[in-house]
Amino acid sequence: MGSPFWSPPSERYPGRLPERADVLVIGGGIAGTSLLHLLEARGFDAVLVERSHLAAGASGRNAGFLLAGVADCYAEAVRIYGREKAREVWHITNENQDRMLEAAGGDDVGHRRLGSATLASGDDERARLEESDQLLREDGFDAHWDGLRLINPRDGEINPAAMVGALARRAQPGAIREGVEVTAIEPGNGDVTVRAGDRECRAGIVILATNGYTSLLVPQVKIQPTRAQMLASAPASRRVCDMPTYSHFGYRYWRQLPSGELLIGGWRDTSLASEITYEDEPTPQIQGHLDGQLTRMGGADVTHRWAGIMGFTESGLPLVGPVDGMKGVYSCAGFNGHGMGFAFMSALKLVAML
């Protein structure tokens, strides 16, 4: 019951920290495998190391939503970032879905594009969603407020662990090395020294694709670890959810798979302080709320309960670029619960900097 619904990629890539690497990517989730894919396409000699197995972290522990934008609705994003920046973010995340699927090369990653719905939890959220509908359509995005929900027809859903596996299968032999836990990163005058156990690597460039765990390696990168909890049910006897659904300002979400299983997550708004943690185990308090939603939806028995660690930034946007004071070290992390929607384009942006 403590393991995620999504099975990890079936392939295994055992290995050790290399002695040298032109580019060393740390982290084997959607950001790390996207980076490796794009680095190799640009001709870089790159190695990816992962402390456990691919998709062991948040990339294999999320709901598999492919949504445009940030967690905030469009109207709120316009207030926070301004109209031009909000429009840019929505365009980038729409493109992210297309580019990432293209990179999967036709592999079955459980992709569907039925749209998404944001359900108003009350009058305040309703007003923001109605405003978002108007602003989105003014800015050229397809959206529809139906009186209860804001529908975004271009949004999609995916098996996130399968997507990570699809990218990994396209890597050069030996480029991925699982079971390598990096413990220290030390920039020098030339190369960056990376340590894992008793081994040492000298790398020209190091990229942190470690999302919620980034600050453990590089404390000056301010990314807050935040737990997200989920459950999955056995297949329900009927369709109770027509598309991935968000509610309560993004804090609560659910979807139903074609085979009938319900995936329900969130509710950390009921215990915000306790969910700022590196501990990736579900708790009775949050799971009780998820059980309540499953009951309201008429779902079947619970088959899986799990949690994953997201990475949240002060700006609400990913941290993509060089790390201050650490020559040769870059970050591609801090996806604020939307890694599947941001990571590929964030990786593309970072690779273009090198």
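## Strand β1 and its partners

β1 and strand β11 (residues 199-208) run parallel and are joined by six bridges. Strands and helices here are DSSP runs numbered from the N terminus (E, at least two residues, for strands; H or I, at least four, for helices), and two strands pair if DSSP finds at least two bridges between them. Leu24 has Val206 in β11 as its bridge partner. β1 also pairs with strand β2 (residues 46-50), again in the parallel sense, over four bridges, with Leu48 in β2 as the bridge partner of Val25. Five of the seven residues of β1 (residues 20-26) are buried, so the strand is largely enclosed by the rest of the structure. Buried means under 20% relative accessible area, exposed over 50%, and partly exposed in between (1.4 Å probe, protein chains only).

A word on the model: it's predicted, so local features need pLDDT of at least 70 and side-chain atom pairs count only at pLDDT 80 or more, while totals for chains, interfaces and linings use all residues. Residues are numbered from 1 along each chain as its sequence is written, and side-chain values use heavy atoms, with hydrogens and water left out.

## The eight-stranded sheet

There's an open sheet of eight strands with mixed pairing, in the order β5-β6-β4-β13-β14-β15-β12-β16. β5 (144-145) and β16 (302-312) are the edge strands with a single partner each, so one side of each has no neighbour in the sheet. For β16, ten bridges join it to β12 (residues 224-233), and the two run antiparallel. Gln229 stands opposite Ala307 in β16.

Helix α7 (residues 284-296) lies across β12, β14 (252-256), β15 (262-266) and β16, at about 40° to β12. Contact means heavy atoms within 4.5 Å; axes are lines fitted to C-alpha atoms, for helices over the stretch in contact, with angles from 0 to 180 degrees between N-to-C directions.

## Two residues with positive phi

Trp267 isn't a glycine, yet has a positive phi of about 70°. Trp267 is in the loop between β15 and α7 and counts as buried at 3% relative accessibility. Asn336, also not a glycine, has a positive phi of about 55°. Asn336 is in the loop between β18 (329-333) and α8, and is buried too, at 7% relative accessibility.
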